[in-house]
Amino acid sequence: MVERMPPGAFAPMPRRLWWLIVLRGLAAFLFGLVAIFWPGVSLAVLVTIIGIYALIDGALTTGLALRLPPEQGRRSLLLVTGISGLAIGLVSVLWPQVTITLLIYLLAAWLVLFGLVAIFHSFALKREFGPDWPVSKGGILLVVIGLLLVLFPNAVAVAATWVIGILALLLGGGLLAFAWRRHQRDSAVI
């Protein structure tokens, strides 16, 4: 079957490269399972696992970027993503304690910032849609979790491990689904 691609559509992924995305998805999925089912693992071990995952993902992404044709627009973005994954992985494996402290405060800052943006956005919507529009309870929850993470980092560590694990499972599932769809589509496109 011959399928004509619409203008602006992504070019078919070279058939021999879809398995790299499958490997990325499997690595994320396995990391998510470890993070969820072994939450009592010390943060240093978790950061080392994150570092190993980042090294594997960075190497696979860099390999994928280097195998794409140079004229492909996404190549440079994939290359930057892969190299940054390699750098984060190396720092996480070589200096886990520094990475733990940095991750806790970066995560807390991100949660507070994201929560504040959600709250301010809900106020803007309340002005637009009237007094019945609710204030963002999710934004308030994100701010509270971010502040608790700064104030009580050890107490929130297990919950953060579960959240990271769930996010990794979602990422892995998304990558596997994407690889399957692209592989199926590329098999149909001549």
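Student: What order do the elements of the protein run in from the N terminus on?

Tutor: They go α-α-α-α-α-α, with helices (H or I, at least four residues) and strands (E, at least two) taken as DSSP runs numbered from the N terminus. This is a predicted model, where local features need pLDDT of at least 70, side-chain atom pairs count only at pLDDT 80 or more, and totals for chains, interfaces and linings use all residues. Residues are numbered from 1 along each chain as its sequence is written, and side-chain values use heavy atoms, leaving out hydrogens and water.

Student: OK, how many salt bridges?

Tutor: The count is one, taking a side-chain nitrogen of Lys or Arg within 4 Å of a carboxyl oxygen of Asp or Glu. Asp57 and Arg24 form it, at 2.5 Å from N to O.

Student: Why does that pair tie together parts apart in sequence?

Tutor: Asp57 sits in helix H2 (residues 43-67) and Arg24 in helix H1 (residues 18-37), so the parts they tie together are 33 residues apart in sequence.

Student: Are Asp57 and Arg24 buried or exposed?

Tutor: Asp57 and Arg24 are both buried; that means under 20% relative accessible area, with exposed over 50% and partly exposed in between (1.4 Å probe, protein chains only).

Student: Switching to H5, which residues are buried there?

Tutor: Gly139, Leu142, Val143, Gly146 and Leu149. Down the axis of H5 they fall within an arc of 125° , so they line one face of the helix; the arc is that of the directions from the helix axis to the C-beta atoms.

Student: And which are exposed on the other side of H5?

Tutor: Lys137, Leu141 and Leu151.
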